[in-house]
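Q: Can you walk me through this one? I'd like to go through it bit by bit.

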Amino acid sequence: MNTTTDVTTDARADARAAQIADEAGERRFNELLASESRVEPSDWMPEGYRKTLIRQISQHGHSEIIGMQPESNWIARAPSLKRKAILMAKVQDEAGHGLYLYSAAQTLGVDRETMFDQLITGKAKYSSIFNYTTPTWADMGSIGWLVDGAAICNQVPLCRVSYGPYGRAMVRICKEESFHQRQGFEILLELMRGTDAQKEMAQESVNRWYAPALMMFGPPDEDSPNSKQSMAWNIKRFSNDDLRQRFVDMLVPQAEILGVTLPDAALRWNEERGHYDFGDLDWSEFHEVLAGRGPANTIRVSRRREAHENGAWVREAARAYADAQAESRRGLVA
Amino acid sequence: MTSPGDSGMRETWPLWEVFVRASRGLSHVHAGSLHAPDEIMAVRNARDLYTRRAEGVSVWVVRAAAITASDPDAKDSFFESPQGKEYRHATYYTESDAVPHL
Ligand SMILES: [Fe+2]
Ligand SMILES: [Fe+2]
């Protein structure tokens with residue numbers, strides 16, 4: 001039997017051993033980052049790294065899941081069977097992206113029920129772009145071209161993030177995303193080749209989505225205090241403003257091919273910088289939407305909650321059926 | 001011993017690891033994971049989640065809890081044995097570099 005002193009000594013020895021293990025783990029972690037290698041779930045990692053990743057990956061997953069809503073809104077009303085099938089395939093991809101990301105987040109020790117809960121109780125954030133509404137068919141074009149386009153711009157560098165499961169999910173996602181942007185571009189292209197009313201519909205939609213799409217990269221660098229640490233951890237590879245610039249530079253020639261005008265009076269080529277200059281964005285709008293006061297925040301979360309709650313009996317019944325099957329197999333064996 | 005990614009009974013459905021064979025003659029390769037109530041649903045979900053673009057001709061699913069992995073804390077000593085044994089690689093034998101078909 002241990003005396004009190006022995007217990008204290010043991011506890012001290014344990015604490016010391018844990019500290020030594022932590023120090024070794026931290027050294028190893030820093031080596032992995034320095035050599036651009038990957039951190040895997042069973043490796044030691046700083047608490048801040050784990051927490052930041054859980055937040056980033058789960059928010060990303062939530063965005064994919066909520067992101068299905070503005071488009072599913074149009075599946076039944078898409079103008080042809082082909083367009084319905086394409087839109088359905090895209091929305092199905094987004095569901096898959098959500099699942100890949102939730103799985104990646106789970107490897108960090110958060111469970112899926114917790115993430116679902118945070119989403120349907122409005123505690124979790126997701127990309128504020130999905131709080132805008134989709135009143136016209138052209139919005140399916142704008143979402144694909146601008147929203148998926150911005151997402152790709154953001155996601156391609158994330159294929160090389162330091163956390164292995166996240167990087168692997170991003171590789172899979174990026175492979176699937178490229179069709180999303182192209183199908184959106186072609187929706188707009190087809191409208192721009194159509195009647196005056198169709199052209200007008202396309203332009204009006206681009207007018208609404210352009211600025212929110214640019215804001216998807218997040219606030220300007222000087223207002224993005226956590227970016228530096230994330231870049232040091234290799235879980236963010238380029239700054240918000242760099243990615244935004246890269247996106248604008250890609251958009252301008254694409255808009256010319258479409259024949260749409262990007263709604264930005266300040267947009268012009270800057271010979272000196274070798275980039276397009278563009279106008280200031282309305283960040284008060286961004287913060288309003290982020291704070292829950294966008295056009296569709298309430299409906300997005302309540303739809304998600306309804307779907308989750310209405311599906312509860314299916315999940316439970318399937319579980320009960322599987323348990324019963326397993327039980328009767330055990331009965332047969334015995 | 002650990003089972004990668006298993007969260008025990010906290011989830012309504014257990015976690016499964018998915019392996020996909022891209023075409024005949026290739027190995028099944030780990031593609032990712034998913035939740036499903038039983039193996040039949042796991043195989044179906046795996047098809048829907050990991051082979052929407054004809055990525056596979058066959059899928060395996062294994063309960064994450066049934067996988068035994070090497071102890072992550074013991075990795076240095078556990079994988080020590082091949083170290084310093086370069087003679088297990090053909091490249092170790094340089095004298096024969098110039099000899100044809102060897
Ligand atoms: Fe996606
Ligand atoms: Fe997408």
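Q: Is A:K90 buried or exposed?
A: A:K90 counts as buried, at 1% relative accessibility. Buried means under 20% relative accessible area, exposed over 50%, and partly exposed in between, using a 1.4 Å probe and protein chains only.

Q: Before we go on, what am I looking at, and how is it labelled?
A: This is a predicted model, where local features need pLDDT of at least 70 and side-chain atom pairs count only at pLDDT 80 or more, while totals for chains, interfaces and linings use all residues. Residues are numbered from 1 along each chain as its sequence is written, chains are lettered from A and ligands numbered from 1 in the order in which they are written, and side-chain values use heavy atoms, with hydrogens and water left out.

Q: OK, what does A:K90 form a salt bridge with?
A: With A:E94, and the closest N and O atoms are 3.1 Å apart. A salt bridge here is a side-chain nitrogen of Lys or Arg within 4 Å of a carboxyl oxygen of Asp or Glu. A:K90 and A:E94 both sit in helix α4 of chain A, four residues apart, which is about one turn of the helix. Helices (H or I, at least four residues) and strands (E, at least two) are DSSP runs, numbered from the N terminus.

Q: Which residues are linked with A:K90 in a network?
A: A:E71, A:E94 and A:D148 are linked with A:K90 in a network of salt bridges.

Q: And the metal? What coordinates the iron ion (ligand 2)?
A: A:E94 (OE), A:D148 (OD), A:E177 (OE), A:E177 (OE) and A:H180 (ND1), at 2.0 to 2.7 Å. Donors are N, O and S atoms within 2.8 Å of the metal (3.2 Å for Na, K and Ca), and water is not among the atoms, so sites may look incomplete. Along the chain, the donors follow the spacing E-x53-D-x28-E-x2-H. The site links distant parts of the chain: A:E94 is in helix α4 (residues 81-106) and A:E177 in helix α7 (residues 164-192), 83 residues apart.

Q: What does A:E94 bridge?
A: A:E94 bridges the iron ion (ligand 2) and the iron ion (ligand 1), which lie 3.3 Å apart. A:E94 is buried at 5% relative accessible area, and A:E177 is buried too, at 2%.

Q: Back to salt bridges. How many are there over all chains?
A: The count comes to 22. One of them is A:R83 with A:E190, at 3.0 Å from N to O. That pair links helix α4 to helix α7 of chain A, 107 residues apart. A:R83 is buried at 7% relative accessible area, whereas A:E190 is partly exposed at 49%.

Q: What about a bridge between chains?
A: B:R52 and A:E176 meet in a salt bridge, 3.0 Å from N to O. B:R52 is in the loop between α1 and β3 (58-63) of chain B, and A:E176 is in helix α7 of chain A. B:R52 is partly exposed at 22%, and A:E176 is buried at 6%.

Q: Switching to rings: how many aromatic pairs over all chains?
A: The count is 14 aromatic pairs. Rings of Phe, Tyr and Trp (its six-membered ring) pair if their centres lie within 6.5 Å; planes under 30 degrees apart count as stacked, over 60 as edge-to-face and the rest as tilted. A:F29 and A:Y49 have centres 4.9 Å apart and planes at 80°, so that pair is edge-to-face. A:F29 lies in helix α1 (residues 4-34) and A:Y49 in helix α2 (residues 47-66) of chain A, so the pair ties together parts 20 residues apart in sequence. Both A:F29 and A:Y49 are buried.

Q: And A:Y100 with B:Y50?
A: Those two are stacked, with 5.6 Å centre to centre and 25° between the planes. A:Y100 is in helix α4 of chain A and B:Y50 in helix α1 (residues 39-50) of chain B, so the pair joins two chains. A:Y100 and B:Y50 are both buried.

Q: Which residues form one aromatic cluster?
A: A:F29, A:W44, A:Y49 and A:W233.
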